[in-house]
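Trainee: Could we go through this model together, one step at a time? I have a few things I would like to understand.

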Amino acid sequence: MAIYVVFFPCIKNKAILQEGTHFKKRGELSMKKLRCLFMGLLIGGVLICPAMAASSFPDVDENADYAEAVKYLDDVGIMRGDNNGNFNPNQTVTRAEMATIICNMLGETEDLTVSDTFSDVSRTHWANKYISKASEFGLVSGYGSGKFGPNDSVTYEQVLTMVVRAMALEEEAIQAGGYPDGYIEIAHERGYINRLSAQKGESLTRWQVAMILYNAAYSIL
């Protein structure tokens, strides 16, 4: 059994929002509220979580490289399984699902409201409130023409960009060249893509996203 002391920092930087495959500046963000929510989630900002060797899901081999990552993220409520108790590690993650995962990561899961931010995300869409919140905090935006593409697969560079922002490293990414290469470079330097082989434009699966988030948490120990 291993013991992990883990927290995610808040975001205090300028948002660079995606539009198509590029990003644009938005106003200054203060993420104190998200920090407080996440600190509460992790009991004062620190989580002591035992990582069991056994997998939580029947479709995740306990010897898989990502098994511990999946177990950890399930334990803290960032990524869950389906109604049948499976994790579906090889299932591609959509942009709507990734927006939800990022909200879970930051502890922004309660008292969310729906909006008409994007024309292709109806107010009755299951992820409307998560997409709206992620957009509000500058973590995601659309393709232009008011569309978000909620059912589109999320790509390698999009995931890394969201995580780099959530880890309060966006200024470093901008200085390294901006979207997408600057974000990829910072993610690589911080070890977020350890044990992961992927390329720009590639759609990521649930196990790959789990590994990136786990690596991000581990990087700040």
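Trainee: What is the relative accessible area of Asn88?

Mentor: Under 20% is buried, over 50% exposed and in between partly exposed (1.4 Å probe, protein chains only). Asn88 is therefore partly exposed, with a relative accessible area of 24%.

Trainee: What should I know before I read on?

Mentor: This is a predicted model, in which local features need pLDDT of at least 70 and side-chain atom pairs 80 or more, while totals for chains, interfaces and linings use all residues. Residues are numbered from 1 along each chain, and side-chain values use heavy atoms, without hydrogens or water.

Trainee: Back to Asn88, then: what is its phi?

Mentor: Asn88 sits in the loop between helix 2 and helix 3 (helices are DSSP runs of H or I, at least four residues, strands E, at least two, numbered from the N terminus). Asn88 is not a glycine, yet its phi is positive, near 55°.

Trainee: Which loop holds Ala168?

Mentor: Ala168 is not a glycine either, and its phi is positive at about 60°. With 35% relative accessibility, Ala168 is partly exposed. Its place is the loop between helix 5 and helix 6.

Trainee: Which residues does the cis peptide bond with omega of about -5° join?

Mentor: Look at the loop between helix 6 (170-175) and helix 7, where Pro180 is placed. The cis peptide bond there joins Tyr179 and Pro180.

Trainee: Let me step back: how many helices does the protein chain have?

Mentor: Follow the sequence and you read β-β-β-α-β-α-α-α-α-α-α-α. That gives four strands, and the number of helices is eight.

Trainee: How many salt bridges does a search of the whole structure find?

Mentor: One of them pairs Arg80 with Asp74 at 3.3 Å, N to O (the cut-off is a side-chain nitrogen of Lys or Arg within 4 Å of a carboxyl oxygen of Asp or Glu). Asp74 is buried, at 14% relative accessible area. Another pairs Asp116 with Arg123 at 3.1 Å; the number found in the whole structure is eight.

Trainee: Which residues are linked with Glu108 in a network of salt bridges?

Mentor: In helix 4, two residues three places apart, about one turn of the helix, form a salt bridge with N and O 3.0 Å apart. Lys133 is buried at 12% relative accessible area, while Glu136 is partly exposed at 41%. The residues in the network with Glu108 are Lys133 and Glu136.
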